[in-house]
Amino acid sequence: MKNSLLSNSDKDVVTFFKLLEKAVEGLDSCRSQRREVLNGETYLTDKELSERLRISRRTLQDYRSAGKIPYFLVCGKILYKESQIEKMIADGYKKPIGEYL
């Protein structure tokens with residue numbers, strides 16, 4: 001193997017730095033999507049939950065007013081505990097007629 005100096009125009013160097021840039025972009029994307037948790041729980045905003053459930057924010061408001069969905073009101077901000085929402089959805093599962101599982 002011969003020893004030689006690499007320059008910034010060398011094909012391997014250019015490829016390496018392009019891959020490095022993509023890795024940094026991927027990490028930045030992950031960091032921006034990361035959610036902080038409180039005591040191991042993740043809380044969703046009104047907007048996030050409506051997007052996940054594919055319902056309007058107005059429908060969420062109706063569910064809250066009717067007492068159909070659990071939520072927290074913190075300094076005027078409405079938050080939903082993700083685990084409670086998942087449990088509510090699981091509890092609402094209805095088996096089709098004829099399903100014996």
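Arginine 52 forms a salt bridge with glutamate 82, with the closest N and O atoms 2.4 Å apart. The term salt bridge stands for a side-chain nitrogen of Lys or Arg within 4 Å of a carboxyl oxygen of Asp or Glu. This pair links distant parts of the chain, since arginine 52 is in helix α2 and glutamate 82 in helix α4 (residues 82-91), 30 residues apart. Helices (H or I, at least four residues) and strands (E, at least two) are DSSP runs, numbered from the N terminus. Glutamate 82 counts as buried, at 17% relative accessibility; buried means under 20% relative accessible area, exposed over 50%, and partly exposed in between (1.4 Å probe, protein chains only).

The model is predicted: local features need pLDDT of at least 70 and side-chain atom pairs count only at pLDDT 80 or more, while totals for chains, interfaces and linings use all residues. Residues are numbered from 1 along each chain as its sequence is written, and side-chain values use heavy atoms, with hydrogens and water left out.

Side chains of opposite charge can pair when their charged atoms come close. A search of the whole structure finds 5 salt bridges. Asp46, Arg57 and Arg64 are linked in a network of them. Aspartate 46 is buried, with a relative accessible area of 13%, whereas arginine 57, at 46% relative accessibility, counts as partly exposed.

The side chains of arginine 64 and aspartate 46 also meet in a salt bridge, at 3.0 Å, N to O. Because arginine 64 lies in helix α3 and aspartate 46 in helix α2, this pair ties together parts that are 18 residues apart in sequence. Arginine 64 counts as buried, at 13% relative accessibility. Apart from its neighbours within four places in sequence, arginine 64 is in contact with Asp46, Ile69, Tyr71, Ile78 and Tyr80, where contact means heavy atoms within 4.5 Å.

The strands come next. An open sheet of 3 strands has the order β1-β3-β2, with antiparallel pairing. β1 (43-45) and β2 (72-74) stand at the edges, each with a single partner strand, so one side of each is left without a neighbour in the sheet. From one strand to the next, the twist averages 40°. β1 pairs with strand β3 (residues 77-81) in the antiparallel sense over 3 bridges; two strands pair if DSSP finds at least two bridges between them. Threonine 45 has leucine 79 in β3 as its bridge partner.

Two helices are placed against these strands. Helix α2 lies across β1 and β3, running at about 90° to β1. Helix α4 packs on the sheet, touching β1, β2 and β3, and its direction makes about 60° with that of β3. Axes are lines fitted to C-alpha atoms, for helices over the stretch in contact, and angles run from 0 to 180 degrees between N-to-C directions.

Valine 24 lies in helix α1 (residues 11-33) and, at 42% relative accessibility, counts as partly exposed.
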